[in-house]
Structures are given as C-alpha cells and as structure tokens.
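Biologist: Before I rely on any label attached to a structure, I would like to see what stands behind it. Could we go through the terms one at a time?

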Amino acid sequence: MPAPPPPLSLNSKAILDPGTFQQKWRQLSISLSQELPVSPQGIAALTAPQALIRHMQGHSIHCIASGGQSPNFKFFFFAQKLEELSNFLVECIINISNSKSQIKIKADDQTSSQAFLDQFQSALSKFGTL
C-alpha cells in the first residue's frame, strides 16, 4: 500500500498581487467545489470578518479581498506551496444564517487540490474555537 502523501507545506509569506489573482481566477477552472459547515463558534466570531482573515493567515492562507454583508460574507483567499511557486485560489462564501460555507478552489497544480482543501477545511473548522 503506498504511503499517504506528506501534508502540504504552505508558504507563510506568500505574496500574490490582486491583478495576478484576478487573471488566474479567470484562467483556471474550478478544481474543487464543496459546501463545508461552519461551527457555531465560528459564526459567532464572524461578527468581525478580520477575525477570520487573521485566523486563516495563521494557517498560511492569505486573504486578498473580502466583502459582502449579513448573512453572506465573501472572502477570496490564496495560498502557495512552500517548495514551488504553485498557487491555490479560494472563493469562500459564508452564510451565517445556515452556518454553511461554499468553497471553490482553483489551483495551478490540480493534483494537490484535495490536500489543500483538507487543510483549508481543518483551518476553517478551528475558527472561533481558540
């Protein structure tokens, strides 16, 4: 049985300018789309969108834009692999009335999209619990 792939290492100092993000967002197709639950603590903590942005940054997932208003908050995140210049782009829409988030992931390297989604989901599930 093959060993599971090593966990994805993300670059904590990743930088992507908004123009490049938008260009890549238009060019790349969606590699994964998923609905994830958001914990009641996470929804409560979302009264300040900055709290989620800071939390995700602690997991090397950076916010490039955010907006929206209750009940739907929209965030655009990006992350980069540590070893290579490979980007993950994320659209995350959180609906605080039903405690669900709609996640769309686009990636330069589609093969690691699932590993990245797992990390994103793990980070999101811890939001509001600290």
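What follows is a conversation about how the labels were assigned.

Modeller: This is a predicted model, in which local features need pLDDT of at least 70 and side-chain atom pairs count only at pLDDT 80 or more, while totals for chains, interfaces and linings use all residues. Residues are numbered from 1 along each chain as its sequence is written, and side-chain values use heavy atoms, with hydrogens and water left out.

Biologist: Why is Asn 95 called buried?

Modeller: Buried means under 20% relative accessible area, exposed over 50%, and partly exposed in between, with a 1.4 Å probe and protein chains only. Asn 95 has a relative accessible area of 17%, and is therefore buried.

Biologist: What makes the pairing of the Gln 102 and Glu 35 side chains a polar contact?

Modeller: A polar contact is a pair of N or O atoms within 3.5 Å; within protein, one must be able to donate a hydrogen and the other to accept it, and residues adjacent in sequence count only if both atoms are side-chain atoms. The Gln 102 and Glu 35 side chains are listed at 2.6 Å, so the distance meets the limit. Glu 35 is also among the residues in contact with Gln 102, where contact means heavy atoms within 4.5 Å.

Biologist: How do you know that the buried residues of helix α1 are on the same side?

Modeller: In α1, residues 18-27, the buried ones are Phe 21, Lys 24 and Trp 25. They cover an arc of only 105° around the axis, which puts them on the same side of α1; the arc is that of the directions from the helix axis to the C-beta atoms. On the other side, Arg 26 and Gln 27 are exposed.

Biologist: Which strands do the buried residues of α1 pack against?

Modeller: They pack against β2, β3, β4 and β5.

Biologist: How do you know that the radius of gyration agrees with a compact globule?

Modeller: The radius is taken over C-alpha atoms, and the globule rule is 2.2 Å times the number of residues to the power 0.38. For 130 residues a compact globule would have a value near 14 Å, and the protein chain has 14 Å, which agrees.

Terms used: Helices (H or I, at least four residues) and strands (E, at least two) are DSSP runs, numbered from the N terminus. Lists of a residue's contacts leave out its neighbours within four places in sequence.
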